[in-house]
Structure formats: C-alpha cells, structure tokens
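This report describes selected features of a single protein model. The sequence and structure are shown first.

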Amino acid sequence: MSIAFCLGGDMMNCNVFVVLFIWLSVIQSTLSVVSSLKTEASIKRPNVLFLVIDDLRPALGCYDYPKVISPNIDQLASRSVLFENAHVQQTVCGPSRTSFLTSRRPDTTRLYDFGSYWRTHAGNFTSLPQHFKENGYFTYSIGKVFHPGICSNHNDDYPLSWSKPAYHPSTQAYMMAKVCPDADGKRYMNLLCPVDVSTQPEGSLPDIQSSEHAVDMLKEFQADSSEQPFFLAVGFHKPHIPYKFPKDFLKLYPLKEIDLAPNPFKPIGLPDVAFAPYHRLRIRHDFGLLNVSFPYGPVPETFQKRIRQHYYSSVSYTDSRVGIVLNQLEESGFANNTIIVLLGDHGWSLGEHAEWCKYENFEVVTRIPLMVHMPGMTDINLTNEKKFPFQDVLKSGSSQRYKIERGPRSTALVEAVDVFPTLAELAGLKVPPTCPLDTLKVDFCTEGASLAKVMMKSAQKTFLKVKKLSSKDMSGDNEDWKDAVFSQYPRPSVHPQWSSDLPDLKDIKIMGYTMRTRHHRYTEWVAFNPATFQADFNSVYARELYLRDSDPLEVYNVGNLPMYEDLVMKMRKKLIAGWREALPK
C-alpha cells in the first residue's frame, strides 16, 4: 500500500490508510525514542504518573460493571491498555504495596502483616521510585503509596525512594474518629459515613487534599524550567473503609437499584481456614449494632445493600478526584509525554462468599484494575481534542451512565509485580533482570516480567483492525505469556478467630497459597514457620479447587472430590513449582 492508493478516489480506504500510516509512524517513533533513551541521556525521558487506589476492585464501567459511574477512570482506560486479568500477591495493603513497589513477592519481602521494613528485615531491594530517582527523575509521593508506618520505615522510604519527603493529607488522622453523623444527630465511628465536607475536621477529606496537592505539584512542574522528568505517585484512600465521602455522591445510587452479591453464601465445601470473619467491620459503631454472629454472620440484607451502595459511591467520589488530577496533567501540558499507570492495591468483597473485607484468596479480592497509558502506543489522537477533560458526575443532568469507547485490552494473566519492569522498559530505563534463586542477596531484580510486549500486541489489535478479528485472534496476547499467577494469605489457626484477618507474623501458623490459571483456581493451606519463613507443603491443612469455566464465581470447592484427584495433583505440582516456572518462555 502506498500514497498512490489514496489518489485512486476510494476515500474510505484512503482514510483507513491515513489512520494506519499515522499510527504506525507514531508507534515507530515512540519505540525509536524508547530505544534511544537507553543510550542517550540527553533526550528527555517521559514523565510517569502513578495512581494507586486503596481497596479498589474492578467495579468500574470500563470493566463492564455498569452499575458504577466512573467516567474519568473509564476515559483513561479508553486511552490505555486495560488488563482484564491482573492479580496482586497478597490481599492486604502493606504486603501488597511493598510487593509491587519492589517487584518482589511476600515470601521474599517477608512482609505478611504491617510489622517490618523490607530493607532491614529481608534485603536492600531497589524500589520502583528509587530506580527512577537514581536515573535522574524527580520522584514524589502524595497520599497513600507505600503503606505508612513500620513497613516503609515511618518515612515512606525517604530519601531512598523520593526526592523530598512524602505528603500525607492531614485529615487522614480522623480515619478512626467519631466524625460520622448518624440518624440520632450524634457522631460515631461508623462504617457508612456520607458527610457534608464543610462540617468535617479542617473542612476537607483526605482524597480532596491529596488531589489538590497533586494539582499544585503539576503546576510547579509546568513552571519549572529545568525540564527534569518527574515520577509523581498519588495514592487515594477511598474506597477503603470507612465509606466517608461527600454525601452528594450517594444520590447517584438509589438504594432501590442496589442488588445483592450474586454468590452471597459461604461456598460449598469451603474449609474453615479459608474464611475471614471481617473483624475490621465489626469494630465500627453502625455495623456493631447489627449484632452479626461470629464468624459467618449473616449480615441483614438491607444493610448488605447499603454497604454496596456506599462502596459504589466511594468509587465515584475517587473517580472524580482522579479526573481532577488527569485534567491538570493535560492543562499543564504533560498529557502527551507522560506514562500513566492506575491500579488497585487489592480487591474487596461486597458480600460474595458471605465475606465483607479482603483478607482471603478468592478472585474477587486478588483481582485488581490495572491500566497503562503510553502516549503514542495506547491511543491515537489525530485531533486537538483533550485526552482527559474532567467529567463531573454531580452536575445537573450529568449523572447518566457515560458511554466511553473501549481502548486496547488484554486478557493475559498478569501480576502487580509486573508493573515495575514494565514502567522501566516503557521509560527507557534498565529493566531489572529476573531474580536468581538466592534473591535476598540481590538488590536489583524482579519477580515479575515486563508487560511491554503484551501492551504492544493489544494496541496493534485495537488500531489495526483492517479485517474483523475472531475471538481466537483476540486471545493472542496470552501466547508466550504466563500460564499462572500467584497470591497468598496467612492464618493463625485452622478455625476463624478474631486475629484471622490480620495475624501478626509471630502468630502465623498456616499459609494459604493460591494459583490462578486460565481455567482454574487452586489453593493449598499448608503449615508455615514464621521464624524461618518456610512453608511445609508436606503438611496440608486444606485444599480448594474451583473450575473457572463452569464456576466463575468460585462457589463450589471440588478439591476434595475423588473425580478431581488427578487434576488436584497436577495443580499442586504446578503451585509448588511456583512463579518461576510460570514465567513467559
């Protein structure tokens, strides 16, 4: 095909050709720049905007979850590669964040609770922002990026990871305070907490403060004449409990339109060790008034609907704050030279399996939203229209379900530990090699793999649709990629107790290792020694096997049925072999 093709008068084919020609030129240019960045330090590297959202499951419009109004994140997704099958390595904040920010798994960071700092407890592992900082970037953290406290050395790993001390919103200090208005006119430490922001301490909320500070920083970067690239990380607290958000967002979700979880019962054949009794909800005033029996409940149906309603409202509130940051990124002139990553640190149960938190090994909590925007690769902007105009769902008449076009998508099995090497490759930095067996002694390596190749394949399929692609064609991003992903969760005992959700390291007696393949989820609960950090796969307390093709909601544990004994042994062998054997060949 050549320019002469357009001169023959077939304008439809000509337009297709022009679009493809421009896109291929942009891709070639982008890849050339990325390649040259590895050797030419004088070329300005792309900026990075790293967005982390606390407790966000893929309950977003872009993940085909139509009940949730999330137009700003959906808009970002339409210009990114959206990963439909992304999973974290442990479903609790501290261990998960330490894991993906170091690209090491919990058994390497040795963090399963909140009680240790990886550099002194396990090894002096290079962090994601540290790698960018050491390569000339200005790195800065706003809000909850590293988990605060001991597990980030009480300083968010400053100065190793950040160019200046991290910013934390002052109003986060009221997370456990009695600031939630109730029907009796008094204030309590509630789970459900829609508020008039002006009546709250300091007249603000944490994510409002964080997004405002991010806007100010982007304006500073715009005014900076040094042209130093930036790595700006912004961590949003909602939809983490309590569900405290501006009360106007509640109007988007009338209670009569809220349904229950499709699988609201404890799975058939579920071993007791796999259940988390959601202690973090029980200590909240309004939830405590329900007198829900320990450990299995049930929670009254009306309150179940209210929890789901308030979670969705929290998501829409967070979406609006994300939109404000993305809009400023564009207003400051950075939209065409900034890689953007958005991910959740783990999912959250909203009544599925009779669960109401995150301390489990089910799909609903290991699976996260993950999208990566690479200018020139994941979008084509042939006009001067804005990429990220702010979508205000609270304006009159604008609360309808936004219809935003789908961008590139990937169904490949991916993990949060893949984010570090992916960003390094996209930015033209040295990509960390795969960690050796003696990983504790190596500062710079990854227990994941770069997703750049998967992204390229997904982008090609989206923008080069000269012919209609079959479903078989569309699954090509799974070829030569991981055939399994891995997560884990600790327990203090076989039966649920008050510390089952968050056991301290010294109390961990059992580790639940779970593996998600294309067609199955297999979990083994085995003996664990917290002094040596060793699991004993010869001492098995329980097994779970879910047939994902016929049981996508993971309702029936068939791990103990004789007819699946051979499959269980096959899955067990693969689980014990671990993540190294599942890496792309």
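## Strand S15 and its partners

Strand S15 and strand S16 (residues 534-547) run antiparallel and are joined by ten bridges; strands count as pairs where DSSP finds at least two bridges between them. Helices (H or I, at least four residues) and strands (E, at least two) are DSSP runs, numbered from the N terminus. The model is predicted: local features need pLDDT of at least 70, and side-chain atom pairs count only at pLDDT 80 or more, while totals for chains, interfaces and linings use all residues. Residues are numbered from 1 along each chain as its sequence is written, and side-chain values use heavy atoms, with hydrogens and water left out.

Within this pairing, Phe-528 stands opposite Ala-535 in S16. S15 and S16 form a hairpin with four residues between them, and Phe-533 in that turn has a positive phi of about 60°. Strand S14 (residues 510-517) is also antiparallel to S15, through seven bridges, and a hairpin of two residues connects S14 to S15. Arg-516 has Arg-521 in S15 as its bridge partner. Nine of the ten residues of S15 (residues 520-529) are buried, so the strand is largely enclosed by the rest of the structure. Buried means under 20% relative accessible area, exposed over 50%, and partly exposed in between (1.4 Å probe, protein chains only).

## Nonpolar cores

A nonpolar core is a set of buried Ala, Val, Leu, Ile, Met, Phe, Trp, Tyr and Cys residues joined through side-chain atoms within 4.5 Å. The largest has 85 residues, of which Tyr-243 and Ile-307 touch the most other members. Helix H10 (residues 301-331) supplies the largest share of this core, ten residues. Apart from it lies another core, of 72 residues, including Ala-424, Met-515, Val-526 and Leu-575.

## Helix H3

All ten residues of helix H3 (residues 93-102) are buried. The elements covering them include strand S1 (47-53), helix H4 (106-109), helix H6 (128-133) and helix H12 (419-426). Just after H3, Ser-103 takes a positive phi of about 60°.

## Glu-352

Glu-352 is found in the loop between S9 and helix H11 (363-366). Its relative accessibility is 5%, so Glu-352 counts as buried. Neighbours within four places in sequence aside, Glu-352 is in contact (heavy atoms within 4.5 Å) with Arg-57, Ala-261, Asn-263, Arg-308 and Val-364.
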